[in-house]
Amino acid sequence: MPSKEFIDPQYVMVRDALSGSAAYEFCLRTLEGKPHRPFMISKTLEDWIYAAVRRGLAELEPFEKLTQKQREERAAKIVLHCEALRELLIPFYREGYGLDWPFQPFFDHAALESALNYQGRMGVNFADEDDKEEDLVHKRFSIYHGIMTDLGLVFDAIHQGALMLPELKTEIKKPNDPNVKRLRFIRRLTEDLQRYFGKPHRAVVLALTSVFFDSADLDEAAISKLAPVPKKV
């Protein structure tokens, strides 16, 4: 069976939006031949612009959709409920066996469902044709062992992750602002241009922003205020 080529839908969207765009042509003319740091992955200027635009358009991380205060409150609740649930489950845990009845049969079913979901989501079976059933059994019981005997590791991970939640850094201070995605795009693109080309290239940022967002209220001065570049010491 021939393998299917993986096409990133966001790449296609960015490519189609920029293709033939006057703003994109302006960016190419502006940056072409300018000295820059070596691109880490991109081979051409065009590839670099695509990558920078896609980074700017990336969805907000879950923690970025919360204010600092909300993250602090959510972290405290997660830790509290996580430890309370761990405490409540202790009487049902048998050493060397794991969580016993009435949880065991439901964990068994959940492990099977998870193994099937894994194979379906990956779209590829890594075992030989003759070993597919055995491969599924191994996945199933590996998952079963994890949730039966090592559930404490999951609680530990949730606890530690919650403690880090308030410490995470983000350029988004007002996640409910209607222009938050545009602001993030402007700041990330400015950051990338400054890092690779040594200049924020406000005109380039404005041009690319106009392709994906309403920029009627923007000019280079506004871009400069929205995405200030730290002065070199």
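Does Trp48 count as buried or exposed, and at what relative accessibility?

Modeller: Trp48 counts as buried, at 6% relative accessibility. Buried means under 20% relative accessible area, exposed over 50%, and partly exposed in between (1.4 Å probe, protein chains only). A word on the basis: this is a predicted model, where local features need pLDDT of at least 70, side-chain atom pairs count only at pLDDT 80 or more, and totals for chains, interfaces and linings use all residues. Residues are numbered from 1 along each chain as its sequence is written, and side-chain values use heavy atoms, with hydrogens and water left out.

Now the rings. The structure holds 10 aromatic pairs. Rings of Phe, Tyr and Trp (its six-membered ring) pair if their centres lie within 6.5 Å; planes under 30 degrees apart count as stacked, over 60 as edge-to-face, the rest as tilted. Trp48 pairs with Phe39, and the two are stacked, at 5.7 Å centre to centre with 20° between the planes. Phe39 is buried too, at 15% relative accessibility.

Compare Phe141 and Tyr144. Their planes stand at 80° and their centres are 6.1 Å apart, so this pair is edge-to-face. The two residues sit three apart in helix H6 (residues 132-149), so about one helical turn separates them. Helices (H or I, at least four residues) are DSSP runs, numbered from the N terminus. Phe141 is partly exposed at 42% relative accessibility, whereas Tyr144 is buried at 16%.
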